[in-house]
Amino acid sequence: MVRSCEQETPGWVCVGTLLFFMYFHSVTVSGAPLKQETLDIGVTVLNHSMSLVHRMENLLAMGNSSDVSLRVHTINTDEVKVIQAHSLVLSLQSDVFEELLLSRNNSALVLTETPDCAAAFDKFIRYLYCGDISVRLDQVIPLHKLASRYHVWGLQQGLTQYMTQHLSSDSPAGHVVSWYSYALQIGDATLRDSCLQYLSWNLSSVLQSGEWDSIGEDLLLSLLQRSDLILQSELELYEALEGWINKNQPVTQTVESALRAVRYGMIPPQHLFRLQKQSVLMVKYYESIRDLLYLAFQFHSASPIQLAKYFDVNCSIFTPRNYLSTSWGSPWIINNPTRDDRSFSFQTQLGPSGHDSSKRVTWNALFSPRWLPLSARSTYTELGAMQPTRTEAGRPRIIVTPATSSPDFAGVSFQKTVIVMAKQQGKVVVRHVYNFHQSTEEAGDFLVDADLQRRASEYLVDSSLYLHVVIKPLYHTLLVARK
């Protein structure tokens, strides 16, 4: 619909519209690239969009035909940034700017921003003119704030997507924790969950980084409650927690809550003995966790079946997380994963209990790049000819089974976790985690969306599939003790 300037339209919009079309239809950029696209027979689109963007950028930089001055004041400072802009462009891109421009009394529009947003304001305005933006990790939050405040929804969504895709990028002090806090502040559940998942799945590397000390109390306690943490061992978590407490000096209630979230049953007894004597933190708060340590030592000294008669072994202290140490599983690198089926064997401890830690279980793992269900496999016709099978229709499959059965398995079920690694921003991180239990040999949705045929697949690291298989023994209460 074409709307006339004679209708109820502010005068500056009419003038701006006229200037806009005069400028862009009369100026020719020498040597500007011409992009041609044939849509149908006899129809060709001549695309000068790149030259248009170039003209828009020059229009902003030169301030030609500007009809509004943006005066950006930085809070609690005398700093004022002046940008010569055009009402038409601002109004087309932002309904907030449109309202502000309608209510102004002169050619200046005064805005007040925080220091971080004021520093990024030029870049934000340039996006309104050109539709593209270069972003650094430290600029994402102020730009997201500006996009949200001025209702530039396309930029806001693009920045949210940028954050979810750059969680693994390197930064001096880390950025995932600050992005998580920001997501909580603005109520962005998608970004919040992405940050929390990244921290949980890559906790070992986070513990070794400067970002660990910046974690807030609520986030710390939330992480400690999770069973999907991926790290070397529970001992690694305890030692990192001790360092965090020494650094941040939280209140006593927070320290006690954090210490009681440690799963002491998953720490070998020899390390628990050492911590009781050498850990300053444990010595200081020993009375707060005495009952948990006593239960852990009982767990290590008796058989799980005996313990299950008298204690609830389904509580968190007896539930493993995803530990990467060799007692719990094995890495598996599959070169050229689309070539053929692969298999390998590895051993784990029967369980984390001191009673079972010396007992070994051998596991067989099978990976098939193009497994097909029976209904989709080759069949024979009445004449004996075999119907061809479309191998590309198959999907990756992994099966993990114990090599033998044993009476020691009584009262224990095994959760199998397959961790898939990937390279993002040059760093190897966890891409996906698949869980399946003893009752099922395989993960039904394993790599269902992965394109392993493509060498640049996000699931491959240097054309190889990087897996880590973790076996988690879970104990079950068998009998209720008689009173």
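Two strands pair, in my notes, if DSSP finds at least two bridges between them. Helices (H or I, at least four residues) and strands (E, at least two) are DSSP runs, numbered from the N terminus.

I am working on a predicted model, so local features need pLDDT of at least 70 and side-chain atom pairs count only at pLDDT 80 or more, while totals for chains, interfaces and linings use all residues. Residues are numbered from 1 along each chain as its sequence is written, and side-chain values use heavy atoms, with hydrogens and water left out.

**Entry: the open sheet.** I began with strand 12 (residues 412-424), which pairs with strand 13 in the antiparallel sense over nine bridges. I picked out K423 and found its bridge partner in strand 13 to be V428. Both strands belong to an open sheet of four, order 8-14-12-13, with antiparallel pairing. Strand 8 (329-335) and strand 13 (427-436) are the edges, each pairing on one side only.

**Entry: strands 3 and 5.** Here I noted a parallel case: six bridges join strand 3 (residues 68-74) to strand 5. R71 has V110 as its bridge partner in strand 5. Strand 5 (residues 108-113) has L109, L111 and E113 on a covered face, and A108, V110 and T112 on an uncovered one.

**Entry: R263.** I found R263 in the loop between helix 14 (252-260) and helix 15 (269-278). A salt bridge is a side-chain nitrogen of Lys or Arg within 4 Å of a carboxyl oxygen of Asp or Glu.

**Entry: salt bridges.** I get 19 salt bridges in the structure. R321 forms one with E234, the closest N and O atoms being 2.9 Å apart. This pair links distant parts of the chain, 87 residues apart: R321 is in the loop between helix 18 (304-308) and strand 7 (322-323), and E234 is in helix 13 (residues 234-248). R321 and E234 are both buried.

Next I checked R260, which forms a salt bridge with D291, closest N and O atoms 3.0 Å apart. R260 lies in helix 14 and D291 in helix 17 (residues 286-301), so the pair ties together parts 31 residues apart in sequence. R260 is partly exposed at 38% relative accessible area, and D291 is partly exposed at 42%.

How far apart are the closest N and O atoms of R290 and E287? I have 2.4 Å for this salt bridge. R290 and E287 are three residues apart in helix 17, so about one helical turn separates them. R290 is partly exposed with a relative accessible area of 40%, whereas E287 is exposed with 56%.

Last, I jotted down a network of salt bridges linking E57, R126 and D132.

Methods:
Buried < 20%, exposed > 50% of the residue type's maximum accessible area, 1.4 Å probe, protein only.
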